[in-house]
Amino acid sequence: MLRAFRILTTLPAALALLVLPSHAEGPVYRGEYTLSFLGLTVAHVDFDSRIDREGYSIRGKATSAGLGAFFYDTRGTLTATGRFKDRVQADAFRADYRYNDKPTLVAIGFSDGNVVKVVNDPPLKRRKNWVPIGPDDLKATVDPIAATLVKADRLEDVCKGGARMFDGELRADLTLSFMSTGRMSVKGFDGPTVTCRLKFTPTAGYRKGRRSLEYLSTKSRIVVTFAQIGETGVYAPIFATIGTQVGTITVRARRLEAGKAS
């Protein structure tokens with residue numbers, strides 16, 4: 001459940017992209033999201049973000065809630081920066097969170113699309129049956145937030161995307177395939193959407209035989225609905241469902257509004 005919290009809280013970050021004065025000079029987007037498990041709210045994720053056709057800057061906070069807070073008291077902040085070229089290219093990612101009052105830091109630095117620095121505090125422990133990460137695994141790779149962004153000329157092209165994701169420990173390939181188009185409305189947003197099936201394939205940085213990852217890669221039904229952010233040509237999740245061994249996790253936008261920078 002902790003890994004799910006660590007990875008899935010970044011899905012809403014992609015659509016709510018924040019107001020850090022780096023590459024992006026576009027309007028501010030303020031977003032509120034909920035994560036639910038079997039219909040019960042387990043976490044809230046809130047963001048203020050800035051994005052344009054050149055790049056993005058993101059900052060947000062995630063807190064466990066309801067049933068999630070009872071079993072896993074987790075809260076933290078997320079920041080990320082990157083740019084848009086022929087594809088999404090990450091610059092930096094950082095997650096500071098506390099899990100049952102134990103502080104954890106994950107920081108990843110990129111150069112020309114390749115991972116050049118990784119910080120895990122506390123350090124990762126050695127485990128049996130571990131699939132190690134090699135130098136090639138960290139090339140042409142993005143962080144979990146950048147992995148959810150798709151740059152496309154048309155709505156119909158979004159599901160042709162994919163990403164090589166690295167979260168500081170796990171390397172996985174994410175592959176999209178088209179399902180349908182539609183329309184969604186939340187506070188501050190009403191527009192066309194496209195829904196894709198997502199294939200999750202761990203490649204390195206994980207323990208062989210781990211049932212939760214095997215389920216996600218071989219049996220899970222992962223569906224993500226994307227919406228365009230303003231008129232940027234960049235698409236990001238507005239709704240997602242992830243099947244797990246014990247039930248379905250849902251990520252849902254409750255609010256997405258453009259506003260003025262503070």
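Where does D112 lie? I found D112 in the loop between β6 (102-111) and β7.

**Ground rules.** I am working with a predicted model, where local features need pLDDT of at least 70, side-chain atom pairs count only at pLDDT 80 or more, and totals for chains, interfaces and linings use all residues. Residues are numbered from 1 along each chain as its sequence is written, and side-chain values use heavy atoms, leaving out hydrogens and water.

**Overall picture.** I looked up the elements and got four helices and 16 strands in the protein chain. Both kinds are DSSP runs numbered from the N terminus: helices are H or I with at least four residues, strands are E with at least two. The chain has 262 residues, and 52% of them count as buried (buried is under 20% relative accessible area, exposed over 50%, partly exposed in between, with a 1.4 Å probe and protein chains only). I also checked contacts (heavy atoms within 4.5 Å): among those with a separation of 6 or more, 60% join residues 24 or more positions apart.

A reminder to myself: most residues other than glycine have a negative phi, and most peptide bonds are trans.

- Back to D112: its phi is positive, about 55°, although it is not a glycine. D112 counts as exposed, at 62% relative accessibility.
- A140 is also not a glycine, and its phi is positive, near 50°. I placed A140 in the loop between β8 and β9 (150-151), and it counts as partly exposed at 37% relative accessibility.
- Which peptide bond is cis? I noted the one from D121 to P122, with omega near 5°. P122 sits in the loop between β7 (114-121) and β8 (130-131).
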